[in-house]
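This briefing concerns the structure shown below. It is arranged by topic for reference alongside the sequence.

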Amino acid sequence: MNHEYALEKINLSSKKEKKEVEDFLEKHQLLLDHDVSLCLVLRLTLNQKIVATASAAGKVLKCFAVDQDLQGEGLSNKLISELIHKKAEENIRHLFVFTKPENTFLFESLGFYVVAKLEGAVDLLENTPYGLNNFKKEIIEKRIEGNNIAGLVVNCNPFTLGHQYLIELASKASDVLHLFVVWEDASVFPNTVRLKLIEEGTKHLKNIVIHKGHDYIISRATFPTYFIKDDDKILETHARLDLQIFADSIAPVLEIKKRYVGAEPYCTTTNSYNKIMKEFLPTKGIEVVELARKEFNTEAISASKVRELIRENKLSECKNIVPASTWDFLNSFEAEKIIQKIKTTQSRH
Amino acid sequence: MEIKKEAVAGTVESSDAMVTIAPNPTGAIEIHLKSVVERQFGRQIRKLVEETLKNLKIKSAIVRIEDKGALDAVLRARLEAAADRASEQKVNWKERA
């Protein structure tokens, strides 16, 4: 068969065009995710019918479907190529894709490489053979020998006395404590600021190694549902995938045998993540230790509380629950914009 | 030619190749080739890539090629296009020809 196709970018603000894609995806038991920001289709020139589609949300490619009768004609190659170029125009070159294991071979033939596999559920791939390997190389440079090596993942939006307390406890109980800072810039405090405040607030602890989590620890790439509310089932899948990367690719490189985590009293997403962690990591030989939060006036200290106080114009009360370094930052010129942003948005992050 | 940023050219469609060129912090040339005709033409393709980079006076780069059976001229064109984008240079096509 020799068909002619035209490639088209869907105008997502047009209800009619969007509906067309949704109807096409529905035929393949798929949905057009609400975080999709770029959607491409191939139309048959003959009758303008959509015969294939692919989308992207940030650096994650998703929502692919090709008409059954036209599979094997290289339509996905066309779409993926165009997506890669469109994303390159946005300066996004490192791309990820979640796919059912039975379709992994297809993406592998399009230049994608497996990051992690979740038995029978989903595979995560990236469009470079160097991504995860470079990350491993970066962290291995900071490896320190020891018997009792632990890991802790923190976002610190911003760094509070609660974080400090948690890190101090974990540090005291370990020979070496690897601290991974969530690098996704989805928080109101930018990653560089979060890192700086963590460095300052942990300066007194000598056995701590700080790493940037990049795309491989709770990022939009490995754990999209952490940032966008979705089905619980999908959240669990993504959480497992994130933990699988930690257990298979990160922990062994640094010989981490224990992961510390702070109890989460407020955020349900983080709470389920912790719950899944406690079930899953021990099966990979990594012990999970959950530590209770430090309290102030019988209330657990948290970064969200700090943001809440800022939002309610009670900045001065933050002084009780953040270390001096964070307090100084909150009163700096640099923080003005961030504070303004907190006051004008209701975001969870 | 100096590679200043990562750039891509080409497609993963049949008879084409997608070429990505990125700066290499180690200062050497690194070629990562994946080809559907690797077994028959792997050596020949590598040679072509090395020659093309030499002609472009590129001494340091990470070059990734996802080859779908591109002919020599196609592969050379994709390499040149990616290199031009990665070096942020305006190309003088007359001179190049």
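Of the 349 residues in chain A, 41% are buried. The model is a predicted one. Chain A contains 11 helices and 14 strands, and it also contacts chain B through 13 of its residues.

**Overall dimensions of chain A**
- The radius of gyration of chain A is 22 Å, which agrees with the value near 20 Å that a compact globule of 349 residues would have.
- Along the principal axes, the C-alpha atoms of chain A occupy a box of roughly 70 × 45 × 30 Å.
- When contacts in chain A between residues at least 6 apart in sequence are considered, 68% of them link residues at least 24 apart.

**The five-stranded sheet**
- Five strands of chain A form an open sheet with parallel pairing, in the order S10-S9-S8-S11-S12.
- Its edges are strand S10 (208-212) and strand S12 (287-291) of chain A, each of which pairs on one side only.
- From one strand to the next, the twist averages 25°.
- Within this sheet, strand S8 (residues 149-154) and strand S9 (residues 176-181) of chain A are joined in the parallel sense by six bridges.
- In S9(A), A:His178 is the residue opposite A:Gly151.
- Helix H8 (residues 268-280) of chain A lies across strand S11 (258-262) and S12 of chain A, and runs at about 145° to S12(A).

**The contact between the chains**
- Chain B contributes 11 residues to the contact and chain A contributes 13 residues.
- On the side of chain B that touches chain A, strand S3 (29-35) and strand S4 (61-67) of chain B are the elements that give two or more residues.
- The residues on that side of chain B comprise five charged, three polar and three nonpolar.

Notes:
Residues are numbered from 1 along each chain as its sequence is written. Chains are lettered from A and ligands numbered from 1 in the order in which they are written. This is a predicted model: local features need pLDDT of at least 70, side-chain atom pairs count only at pLDDT 80 or more; totals for chains, interfaces and linings use all residues. Two residues are in contact if their C-beta atoms, placed from the backbone, lie within 7 Å. Helices (H or I, at least four residues) and strands (E, at least two) are DSSP runs, numbered from the N terminus. Ala, Val, Leu, Ile, Met, Phe, Trp, Tyr, Cys and Pro count as nonpolar, Asp, Glu, Lys and Arg as charged, and the others, Gly among them, as polar. Two strands pair if DSSP finds at least two bridges between them. Axes are lines fitted to C-alpha atoms, for helices over the stretch in contact, and angles run from 0 to 180 degrees between N-to-C directions. The radius of gyration is taken over C-alpha atoms; the globule rule is 2.2 Å times the number of residues to the power 0.38. A residue is buried if 20 or more other C-beta atoms lie within 10 Å of its own, exposed if 12 or fewer, and partly exposed in between; C-beta atoms are placed from the backbone.
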